[in-house]
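Here is a short briefing to read alongside the structure. Keep the viewer open and follow the topics in turn.

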Amino acid sequence: MAIRRIRVFPDPILRKKCRVVRRVDDRVRVLAADMIETLDGAGGIGLAANQVGALQRVVTIHLPGDESAIVLVNPEVRETEGEREIIEGCLSFPGYEGLVKRSVSVKARWLDENGSKMKVTAEELFAQAIEHEIDHLNGILFVDHLLAHEKLVAAGTLEREDEPHMHDVELEVHADHSDDAIDDERNEPDESDVEIVQSTIKFSDLYSDSSISQMHYDLRSAGYVIDDPDPDPGPGRQRHNGDGQNRVESDDPHLNGGVLLDPERRN
Ligand SMILES: [Zn+2]
């Protein structure tokens with residue numbers, strides 16, 4: 001797996017319609033695995049393939065509290081129920097959020113990473129995530145649902161629990177070497193067999209500097225974000241400070257630039 005660069009507004013790929021996946025094969029699974037790593041690295045709830053530059057109808061969703069993310073290939077909403085106003089953010093608008101209208105529940109279906117048919121009635125945050133991500137696949141962004149331009153504000157202004165990471169993220173990586181020992185007669189795993197490697201996913205691994213500056217510029221030119229309530233360095237800027245400070249150097253080729261890569265890429 002690998003972290004992929006997240007495209008931010010106004011990257012034109014965010015306005016493109018993604019293509020239906022004809023066959024759920026290994027290429028789709030690799031894309032999905034990368035998307036999950038990127039999503040989790042950013043601390044987001046959902047990610048659509050065009051947000052990482054792939055024009056395929058693939059979405060990953062990781063709800064807070066759930067152990068792992070799910071993969072939705074060719075997701076479709078069949079039915080919606082109710083309406084509610086809810087604060088929403090997007091990994092393609094890091095540092096911003098706004099009030100939008102979403103369904104209370106949706107009946108949705110998709111294919112999972114093995115090509116199996118899935119069908120759910122999703123509610124609340126899950127329903128919101130499904131609607132938000134399917135919008136992405138159709139080139140629609142959450143700012144299109146805002147009641148007015150002024151409704152887009154700096155993140156943190158509105159109360160919201162599920163903030164994505166706006167800073168570098170420390171990950172604890174456990175490397176289990178218990179199988180490496182040749183003359184190990186013990187059956188029980190020894191703590192010394194488990195090496196804990198600290199790794200940092202940096203904001204700059206997730207986003208490019210130039211795309212963030214362009215996003216701020218274009219949002220302001222389009223009349224969004226009339227005032228900046230945060231006089232401190234905003235999310236887009238703050239990660240570039242202290243570059244490398246929290247980084248743990250490692251000789252392990254497994255760790256490339258502080259980002260955990262696929263173990264299979266060691267060779
Ligand atoms: Zn989004």
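Cys18 is buried, at a relative accessible area of 6%. Cys90 is buried as well, with a relative accessible area of 6%. A search of the whole structure turns up 0 disulfides. Please bear in mind throughout that this is a predicted model.

**How confident is the prediction?**

- The chain has a mean pLDDT of 78, and 69% of its residues reach 70 or more.
- Residues 180-184 have pLDDT below 50, and beyond near neighbours in sequence this stretch has 1 contact in the model.
- Residues 229-267 also have pLDDT below 50, but here the model shows 62 contacts beyond near neighbours in sequence.
- Where pLDDT is low, the predicted coordinates should not be read in detail.

**The open sheet**

- An open sheet is built from 5 strands in the order S1-S2-S3-S6-S7, with antiparallel pairing.
- Its edges are strand S1 (46-48) and strand S7 (117-123), each of which pairs on one side only.
- From one strand to the next, the twist averages 40°.
- S1 pairs with strand S2 (residues 58-61) in the antiparallel sense, over 3 bridges. Within this pairing, Gly46 has Ile61 of S2 as its bridge partner.
- Helix H1 (residues 26-42) packs on the sheet and touches S1, S2 and strand S3 (70-81). The direction of H1 makes about 35° with that of S2.

**Strands S4 and S5**

- Strand S4 (residues 84-89) has 5 of its 6 residues buried, so S4 is largely enclosed by the rest of the structure.
- S4 and S5 pair in the antiparallel sense over 6 bridges, and Gly89 stands opposite Glu97 in S5.
- The hairpin of S4 and S5 has 6 residues between the strands, and Gly95 in this hairpin takes a positive phi near 95°.

**The nonpolar cores**

- In soluble globular proteins, nonpolar side chains tend to be buried together.
- The largest nonpolar core holds 41 residues, of which Val58, Phe93, Val143, Leu152, Tyr207 and Leu219 touch the most other members.
- Elements giving two or more residues to this core are H1, S3, strand S5 (96-102), helix H3 (203-206) and helix H4 (209-221). H1 supplies the largest share, with 7 residues.
- Leaving aside neighbours within four places in sequence, Tyr207 is in contact with Arg5, Ile6, Val8, Leu91, Pro94 and Ile212.
- A second, separate core has 19 residues, including Cys18, Ala122, Ala127 and Leu137.

**A look at Arg109**

- Which strand holds Arg109? Arg109 is found in strand S6 (residues 105-111).
- Is Arg109 buried or partly exposed? Its relative accessibility is 35%, so Arg109 counts as partly exposed; the buried class would need a value under 20%.
- Arg109 and Glu76 lie 33 residues apart along the chain, yet their C-alpha atoms are separated by 5.5 Å.
- Setting aside neighbours within four places in sequence, Arg109 is in contact with Asn74, Pro75, Glu76, Arg78, Met118 and Lys119.

Note on methods
Residues numbered from 1 in each chain as written. Predicted model: local features only at pLDDT ≥ 70, side-chain atom pairs only at ≥ 80, totals over all residues. Heavy atoms only, no water. Disulfide = S-S within 2.5 Å. Buried < 20%, exposed > 50% of the residue type's maximum accessible area, 1.4 Å probe, protein only. Pairing = 2+ DSSP bridges. Helix = DSSP H or I, 4+ residues; strand = E, 2+ residues; numbered from the N terminus. Axes fitted to C-alpha atoms, helices over the stretch in contact; angles between N-to-C directions. Contact = heavy atoms within 4.5 Å. pLDDT = per-residue confidence, 0-100. Core = buried A, V, L, I, M, F, W, Y, C linked by side-chain atoms within 4.5 Å.
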